[in-house]
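Here is a short briefing on charged pairs and a sheet. Keep the structure in view as you read.

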Amino acid sequence: MDFLRRVINRVGAASTAAAIEHDSILPHARRYANDCTVLINLDAHSDLAGVMYEDGELRNCRVELHSGSWVDYVAWPVRAKFVWAYPDKDCAEKNRCDALSELTPFSEITQLKCDGPSDSAWRSLHRRLAQPPHYSLDLARVRAASIVLSPRYCGPGAVDAFRTLVREFGLELLDVLAAHLAALASK
């Protein structure tokens, strides 16, 4: 909670959004398309799925949008760098979201490449262990933030902490109404 409060205070509540599911933050990320080129996902899961593989064959299409593939759908004109900052060393291999995680280094995940108004692939992929108190982040360089509950993976007390931050800072809710947030059950 202390770290999240520092993040919100640094970037400002107006530049911080809250969501229940990861893929719901895409509209918030789009707001910063002309300001940001680096995305840092501080999460136990990479949320970068790359391209689809079926029956051992590469298909030139993205994995469908869900909480484990949302990073593939960030629509920025320049996608210079994606950093997966994971909280535990076991996450580095066990919690990748791409189909070939056992065979391919993280930095070489195959991504969809096509022409269009935005980069279709991250130019560089990185991952690193990120632990308290600063989680390897230089907050002075952070332009915007999203706080995601992720109910399938959050620990005990996360729902109450999420509600507290939303209320304390008046954060914009992207995928749930405030009235429904109050009714969310804690684990």
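A salt bridge is a side-chain nitrogen of Lys or Arg within 4 Å of a carboxyl oxygen of Asp or Glu. This is a predicted model: local features need pLDDT of at least 70, side-chain atom pairs count only at pLDDT 80 or more, and totals for chains, interfaces and linings use all residues. Residues are numbered from 1 along each chain as its sequence is written, and side-chain values use heavy atoms, with hydrogens and water left out.

**Salt bridges**

- Side chains of opposite charge can pair when their charged atoms come close.
- Searching the whole structure gives 7 salt bridges.
- One of them joins Arg 163 to Asp 160, with the closest N and O atoms 2.6 Å apart.
- Arg 163 and Asp 160 both sit in helix 4, 3 residues apart, or about one turn of the helix. Helices (H or I, at least four residues) and strands (E, at least two) are DSSP runs, numbered from the N terminus.
- Arg 5 pairs with Glu 168 in another salt bridge, at 2.8 Å between the closest N and O atoms.
- That pair links distant parts of the chain: Arg 5 is in helix 1 (residues 2-11), Glu 168 is in helix 4 (residues 158-169), and they are 163 residues apart.
- Arg 127 and Glu 93 also form a salt bridge, 2.8 Å from N to O.
- Arg 127 belongs to strand 6 (residues 124-129) and Glu 93 to helix 3 (residues 91-94), so this pair ties together parts 34 residues apart in sequence.

**Buried or exposed**

- Buried means under 20% relative accessible area, exposed means over 50%, and partly exposed lies in between (1.4 Å probe, protein chains only).
- Arg 5 is partly exposed at 24%, and Glu 168 is partly exposed at 43%.
- Arg 127 is partly exposed at 30%, and Glu 93 is partly exposed at 45%.

**The sheet**

- Strands of a sheet pair through backbone hydrogen bonds, either parallel or antiparallel.
- Here 3 strands make an open sheet in the order 7-1-8, with parallel pairing. Two strands pair if DSSP finds at least two bridges between them.
- Strand 7 (145-148) and strand 8 (172-173) are the edge strands, each pairing on one side only.
- Strand 1 (residues 16-19) is joined to strand 8 by 2 bridges.
- Ala 17 stands opposite Glu 172 in strand 8.
- Helix 1 packs on the sheet, touching strand 1 and strand 7. Contact means heavy atoms within 4.5 Å.
- The direction of helix 1 makes about 150° with that of strand 7. Axes are lines fitted to C-alpha atoms, for helices over the stretch in contact, and angles run from 0 to 180 degrees between N-to-C directions.
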